[in-house]
Amino acid sequence: QVQLVESGGGWVQPGGSLRLSCVASGSFSSISAMGWYRQAPGKQRELVARITTVGNTNYADSVKGRFAISRGNAKNTVYLQMNSLKPEDTAVYYCNADLIWTMKAGPFNYWGQGTQVTVSA
């Protein structure tokens, strides 16, 4: 059973910071890429940031220069450091991962349950 478990969400005032974490667990062989998406009420889910195994990253234009994605040493963990938060960053943030099993075609894409981030005065 694969699980992506997020943590670190919460409430913060505009200009503040939060750090999200996501740990992937299960019987997969490796992870090719991990990322963060978000979905605000009434809006579609959108990419926030993504990082590959070799460290290539891409970010949504709206978060460039404020957010930073990184992988843990164990490679099954991904972090999202969010600085200079704005009210428009309020959303449910979802962890996403492309998982690989030896001897199976893939990778296979998985989602976490999401963690709420609220930015307000």
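## Charges over aromatic rings

A charge is taken to sit over a ring if NZ of Lys or CZ of Arg is within 6 Å of the ring centre and within 35 degrees of the ring normal. In this predicted model, arginine 19 lies over the face of tyrosine 79, at 4.0 Å from the ring centre. Arginine 45 is likewise placed over the face of tyrosine 94, where the distance to the ring centre is 3.7 Å. Tyrosine 94 counts as buried, at 14% relative accessibility, and also takes part in an aromatic pair, described below.

## Nonpolar core

The largest nonpolar core comprises 31 residues, and those with the most contacts inside it are Trp36, Leu80, Met82 and Tyr93. Two or more residues each are given to this core by strand 3 (18-25), strand 4 (30-39), strand 5 (46-52), strand 7 (67-71), strand 8 (77-82), strand 9 (91-100) and strand 11 (115-119). The greatest contribution comes from strand 9, with five residues.

When its neighbours within four places in sequence are left aside, methionine 82 is in contact with Gly16, Ser17, Leu18, Leu20, Arg66, Phe67, Tyr93 and Val117. Tyr93, one of these partners, is itself among the core residues with the most contacts.

## The disulfide

The count of disulfides comes to one. Such a link is a covalent bond between the sulfur atoms of two cysteines. Here the bond joins cysteine 22 and cysteine 95, whose sulfur atoms are 2.0 Å apart. The pair links distant parts of the chain, with cysteine 22 in strand 3 and cysteine 95 in strand 9, 73 residues apart.

The torsion about the S-S bond of cysteine 22 and cysteine 95 is about -85°, so the disulfide is left-handed. Cysteine 22 is buried, with a relative accessible area of 0%, and cysteine 95 also counts as buried, at 0% relative accessibility.

## Aromatic pairs

A search of the whole structure finds five aromatic pairs. In one of them, the ring centres of phenylalanine 28 and tryptophan 101 are 6.3 Å apart and the planes stand at 85°, so the arrangement is edge-to-face. This pair links distant parts of the chain: phenylalanine 28 lies in the loop between strand 3 and strand 4, and tryptophan 101 in the loop between strand 9 and strand 10 (108-111), 73 residues apart. Phenylalanine 28 counts as buried at 15% relative accessibility, and tryptophan 101 is buried with a relative accessible area of 13%.

A further pair is formed by tyrosine 94 and tryptophan 111, with ring centres 6.4 Å apart and planes at 85°, so this pair is edge-to-face. Tyrosine 94 belongs to strand 9 and tryptophan 111 to strand 10, 17 residues apart. Whereas tyrosine 94 is buried, tryptophan 111 is partly exposed, with a relative accessible area of 36%. Phe28, Trp101, Phe108 and Tyr110 form one aromatic cluster.

## Surroundings of threonine 53

Threonine 53 is located in the loop between strand 5 and strand 6 (57-59). Its relative accessible area is 44%, so threonine 53 is partly exposed. Apart from residues up to four places away in sequence, threonine 53 touches Ile31, Ser32, Ala33 and Arg71.

Isoleucine 31 and threonine 53 are 22 residues apart along the chain, and their C-alpha atoms are separated by 7.2 Å. A polar atom of the threonine 53 side chain lies 2.9 Å from the backbone oxygen of isoleucine 31.

Notes
Residues are numbered from 1 along each chain as its sequence is written. This is a predicted model: local features need pLDDT of at least 70, side-chain atom pairs count only at pLDDT 80 or more; totals for chains, interfaces and linings use all residues. Side-chain values use heavy atoms; hydrogens and water are left out. A nonpolar core is a set of buried Ala, Val, Leu, Ile, Met, Phe, Trp, Tyr and Cys residues joined through side-chain atoms within 4.5 Å. Buried means under 20% relative accessible area, exposed over 50%, partly exposed in between (1.4 Å probe, protein chains only). Helices (H or I, at least four residues) and strands (E, at least two) are DSSP runs, numbered from the N terminus. Contact means heavy atoms within 4.5 Å. A disulfide is a pair of cysteine sulfur atoms within 2.5 Å. A polar contact is a pair of N or O atoms within 3.5 Å; within protein, one must be able to donate a hydrogen and the other to accept it, and residues adjacent in sequence count only if both atoms are side-chain atoms. Rings of Phe, Tyr and Trp (its six-membered ring) pair if their centres lie within 6.5 Å; planes under 30 degrees apart count as stacked, over 60 as edge-to-face and the rest as tilted.
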